[in-house]
Amino acid sequence: MAKSGLVVCLLVISLLLDQASSHSSRLKSRKHSKRRVKEKDGDLKSQVEKLWREVNALKEMQALQTVCLRGTKVHRKCYLASEGLKHFHEANEDCISKGGTLVVPRNSDEINALRDYAKRSLPGVNDFWVGINDMATEGKFLDVNGMAVSFLNWDRAQPNGGKRENCVLFSQSAQGKWSDEICRTSKKYISFREFLSQIKQQQQEKLPQTPQKQKLKLMKLYTCQ
Ligand SMILES: [Ca+2]
């Protein structure tokens with residue numbers, strides 16, 4: 001009897017040990033899979049960041065080949081006049097496809113530069129789109145990236161179109177002053193791309209493998225002056 005009691009007791013202990021060990025291995029495997037998920041997340045994040053950097057580098061090259069090389073470089077910005085007429089949104093999409101956006105003048109020097117550029121590149125054209133609108137909130141003018149603009153160059157009694165007119169036109173006859181206009185009006189436009197020292201730096205980082213001549217050539221191209 002005592003013997004069978006001992007056997008039962010040993011069986012119970014063995015079952016308990018077995019359960020404890022399987023619980024601990026489940027915990028270990030859960031921890032392990034959590035770590036693997038974390039590692040996977042990290043890998044994905046760095047892959048996305050890498051892709052994002054590559055997309056930006058491609059955009060820069062594309063802008064360089066279209067907006068900058070075909071257009072004009074003024075004060076570290078490149079301008080490219082449109083060939084046709086487009087609604088505001090279509091115009092901005094065309095600029096994006098070339099690696100830029102609709103032009104957003106930031107000060108009076110840029111207004112003067114744009115007046116000169118448009119006189120040469122869009123002869124006989126009185127007005128063209130700039131990348132500013134108040135579509136989201138009436139009276140609150142944002143650039144095409146959704147950022148508030150601190151420089152506004154309204155003509156007298158402008159803007160006056162209320163909720164009907166939400167896009168901004170640059171007028172040559174008004175010496176570069178602006179007015180609001182219905183966004184679905186077909187107008188000429190100017191695309192632009194800003195080249196920052198940061199972008200030049202990114203390009204330089206990739207350059208060490210390239211021959212010195214190629215490096216100098218690229219540096220020259222990226223200096224939008
Ligand atoms: Ca408006």
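Student: What are we looking at, and how are residues numbered?
Tutor: Numbering starts from 1 along each chain as its sequence is written. This is a predicted model, where local features need pLDDT of at least 70, side-chain atom pairs count only at pLDDT 80 or more, and totals for chains, interfaces and linings use all residues.

Student: How many helices and strands in the protein chain?
Tutor: Five helices and eight strands. Helices (H or I, at least four residues) and strands (E, at least two) are DSSP runs, numbered from the N terminus. Along the sequence the pattern reads α-β-β-α-β-α-β-β-β-β-β-α-α.

Student: What share of the protein chain is buried?
Tutor: Buried residues are 24% of the 225. Buried means 20 or more other C-beta atoms within 10 Å of the residue's own; exposed means 12 or fewer; partly exposed is in between; C-beta atoms are placed from the backbone.

Student: Which residues touch the most other members of the largest nonpolar core?
Tutor: L102, V103, W129, V130 and I190, out of 29 residues in that core. A nonpolar core is a set of buried Ala, Val, Leu, Ile, Met, Phe, Trp, Tyr and Cys residues joined through C-beta atoms within 7 Å.

Student: And which elements give two or more residues to this core?
Tutor: α1 (2-70), β2 (77-81), α2 (88-97), α3 (108-121), β4 (127-133), β6 (167-171) and β8 (188-194).

Student: Take V103. What is it in contact with, beyond four places in sequence?
Tutor: Y79, L114, V130, G131, I190, S191 and F192. Contact means C-beta atoms, placed from the backbone, within 7 Å.

Student: Why call β4 largely enclosed?
Tutor: Six of its seven residues are buried, so the rest of the structure largely encloses β4.

Student: What about β4 and β5?
Tutor: β5 (residues 142-143) runs antiparallel to β4, joined by two bridges. I132 has D143 as its bridge partner.

Student: Switching to helices. Which residues of α3 are buried?
Tutor: E110, L114 and A118. Seen down the axis of α3, they fall within an arc of 70°, so they line one face of the helix. The arc is that of the directions from the helix axis to the C-beta atoms. Exposed on the other side are S108, D109, D116, K119 and R120.

Student: What do the buried residues of α3 pack against?
Tutor: β2, β4, β6 and β8.

Student: Which residues are buried in α2?
Tutor: F88, A91, N92 and C95.

Student: Last one, C183. Where is it?
Tutor: C183 is in the loop between β7 and β8.

Student: Why is C183 only partly exposed?
Tutor: Because C183 has 19 other C-beta atoms within 10 Å. Leaving aside neighbours within four places in sequence, C183 is in contact with H87, F88, H89, N133, N166 and C167.

Student: And what does C167 stand opposite?
Tutor: E181 in β7. β6 and β7 form a hairpin with five residues between them, and Q175 in the turn has a positive phi of about 55°.

Terms used:
Contact = placed C-beta atoms within 7 Å. Pairing = 2+ DSSP bridges.
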